Each structure stands twice: as C-alpha cells, then as structure tokens.
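Subject: Structure handover

Hi,

Here is the structure I promised to send over. Please have it open as you read, and my notes follow below.

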Amino acid sequence: MKVPFLDLVAAYRELQPQIDAAIARVLTSGHYIGGPEVEAFESEFSSYCGATHAVGVANGLDALHLALLAMEVGPGDEVIVPSNTYIATWLAVSQCGATPIPVEPDACTYNIAPALIEAAITPRTKVILPVHLYGQPADLDPILAIAHKHGLCVLEDGAQAHGARYKGRRIGAHGDAVAWSFYPGKNLGAMGDGGAVTTNDEQLADRLRVLRNYGSRVKYVNEVQGYNSRLDPLQAAILRVKLTHLDEWNARRCAIARRYEQGLSDCGLTLPFVPEWAEPVWHLYVVQHPKRNALLKQMDEAGIGTLIHYPIPPHLQKAYASSGFLRRRFPIAEQIAHQCFSVPIGPHLNTSNAAAVMAALKDATESNLNRQR
C-alpha cells in the first residue's frame, strides 16, 4: 500500500464545491487586491483565535518579519529564538538587521525550554520568539513572566499550530502578537502562499497594516519605507472555506495521533510527549530513533511517505556560517535533527493507511533490532 506523506488533493476534493464557489466569487467581484474577502477572513480568523485583530500578509516569513518591525526591532537588537525550528524563524530576525540568539529546546517537547531563556537575555534583547513546533504549544506562562520581568515583547510563531490550545485557550493572543503561515501543507493551508499576524494591540496592528502596503494607509502617501506583502483575495476566500472545517480536520489528526500512541508504544521509537496543559493539533507526528536513516530506507521501500523536520538546524546552515556557531554548540537541537522524522498524519489519512504506517514502522524497528543482535 502506497501512503503519501500528505494528500493535498484529497483536501480539495472534499471541499471542491465550496472552494470553487469561493474562487468564482472573487473572480467576478473585481477585487483582486485586498477587498471584502480579505477583510472577512481577517475578521473570522481573529475571532477564531480569540484576538482583536488579524492582519493578512503574503506569507509566514513576512508575518514574522513585519511583526518584528512593528515591534521596532532593528540593527543592534537581539531576539531570542529556539535552536530547534525551521529557519524562517531566524531569517525574520536577520531581515530586520537584528541577531537571533538561540536557546535549546526541552528534550521532551522539542519546544524552547523556558528555564534556559533568562540566561540568554542581554541589554540588547528586544523580543522572545517561541515557536509552537509541530502543532504543540510552547509553555507560554513562564515565557510571558520572563518577558514582563525584563520589559520584552513576545512574538509567537504559530505557523504549525492553527487551533492548538494552551491551558484551554486557543493560540492567538497570549503574547504581544502571533505570526501565522497558510502554506498549503499547514493545518489551515491556502492553495499558495499566505500569512497573517494576530494581536490584541491596536497600535501594533495599525503599524502592520501600514508596513504591508508600501508604508501607506492613504494611496500615494507613504509614511515609512514599507513592503508589498498582502494576502491575496483568492487565498483569503479559500481560507474562509477551510477555516469552517479546521476543528473537524484537527480532530481527525488527533484521532490518528491516539492510534499511533497506542499502536507504536512498544516498538523502540521515542514518541511525542504532550504536557497535561497542552492540546496539540498534530501538524506533524514526529518520532525519534537512533537508526533513523535505516528506518527511513525501509519505510520508503514499503511505500510509506516520511519527511525529516528538519535535517540541518539553523545554527549549522551555511546561511549562518558567519555567526560562528560550532557543531555540538546546541546538542539537543542537533540530536533532534539527526534522529527525528515525521510520519503521515494528515486529516485525509484513513484507518487502513494509518495501520499500514504502523505496520511498516514496526517491521522497520524489528528488522533494525534483529540486525543489532
């Protein structure tokens, strides 16, 4: 049985009449930049997240970058980031002219370890940027307490956590702002690039709206040197359709995660750990094994799609070679990069496909154990 890592076409097929109608609505509206579809999505998404404002932008990296600029991050500033994350988290900081300061993750949750943050703060620190990685919320209360103690902003990277809850409340406005990506593979994914920032801070939202539109709120009147980063109305219309199904699709992911937890508990894999205060939405189901590459080879031979998130941590990327980070400087992030891999968990993975994933994993781990004997 062939099992793809994620079936995006199945998502379209399930909602095809609604998505096609939404696209047709935009095409006949004459509003191809901004307009009512973007405004409606911003209103609906902010309400879903429990935030006062949502500002649509072109993609998730822009959401991070523009949010940092709206927080007045610039050259000479430092932003605390996880050592274990997708490189976009770091790139947004660098694009402001600021310096990303990595902090290791909790080895169990893979999210930034709050206990290590305070030691990384200097007089140049401006923002703490936790990532809700793989769809599981970071531990926000101690992070917010540290930020308040030191007078820092908190920008959350929610790119993988649409609908996730921290202590019963949806991610969306715990910190000063949350940056979102609507890349097609996300839990709430568009059919192209898209992003947004949610916040309860009216002044921050206003600055974001100016920054995303050439630094202008009135046509041909430019207050600052802004950017062209606007959420496309076609994508906004598609996201409006998908938003109404997000909770149901997240519930499907959670059901698969429960099957995996039960079915893979005794096969030698390190399975995801979920704190009692977290309600993840399982953007990814990430497992760990010291013989990962051998397992992935067998999974591929069995027709099971897998991915590595992420094979090279940011501090070892060529893009950050000038930062002078040495190998083994962040050993937990490096272990995760060397041993972790993701297995299928999309909302259109059926029961038989999930069973095939588990069977292939068990065969692969058992074969590896036999070879060691």
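Does glutamine 16 count as buried, partly exposed or exposed, and why? Keep in mind that this is a predicted model. Glutamine 16 counts as partly exposed because its relative accessibility is 32%, and partly exposed covers the range between under 20% for buried and over 50% for exposed. You will find glutamine 16 in helix 1, which covers residues 8-29. Between glutamine 16 and isoleucine 312 there are 37 Å in space, C-alpha to C-alpha, and the two are 296 residues apart in sequence.

The largest pocket holds about 720 Å³ of space. Its lining is made up of 36 residues, and Tyr86, Gln160, Tyr183, Lys186 and Tyr310 lie nearest the centre. Helix 3 (60-70), helix 4 (88-95) and strand 8 (177-181) are the elements that give two or more residues to this lining. By type, the lining of the largest pocket has 22 nonpolar, 10 polar and four charged residues.

The second largest pocket has about 300 Å³ of space. It is lined by 16 residues, with Gly34, Arg209, Arg212, Asn213 and Arg230 the closest to its centre. At least two lining residues come from each of helix 2 (36-49), helix 6 (202-212) and strand 10 (216-218). Helix 6 gives the most, with four residues.

Strand 6 (residues 165-166) pairs with strand 7 over two bridges, in the antiparallel sense. There, arginine 165 stands opposite arginine 170 of strand 7.

Last, have a look at helix 8. This helix runs over residues 246-263, 18 residues in total, and reaches 26 Å from its first C-alpha to its last, close to the 26 Å expected at 1.5 Å a residue. Its buried residues are Leu246, Trp249, Asn250, Arg253, Cys254, Ile256, Ala257, Tyr260 and Gly263. As background for reading that list, an α-helix has 3.6 residues a turn, so residues three or four places apart point the same way.

Happy to go through any of this with you.

Best wishes

How values were computed
Residues numbered from 1 in each chain as written. Predicted model: local features only at pLDDT ≥ 70, side-chain atom pairs only at ≥ 80, totals over all residues. Heavy atoms only, no water. Expected span 1.5 Å × (residues − 1). Buried < 20%, exposed > 50% of the residue type's maximum accessible area, 1.4 Å probe, protein only. 1 Å grid on protein atoms, 1.4 Å probe; cavity = no way out; pocket = protein on both sides within 12 Å on 5 of 7 lines; lining within 4 Å. Points joined across faces, edges and corners; volume = space filled by probe spheres on them. Nonpolar A, V, L, I, M, F, W, Y, C, P; charged D, E, K, R; others polar. Pairing = 2+ DSSP bridges.
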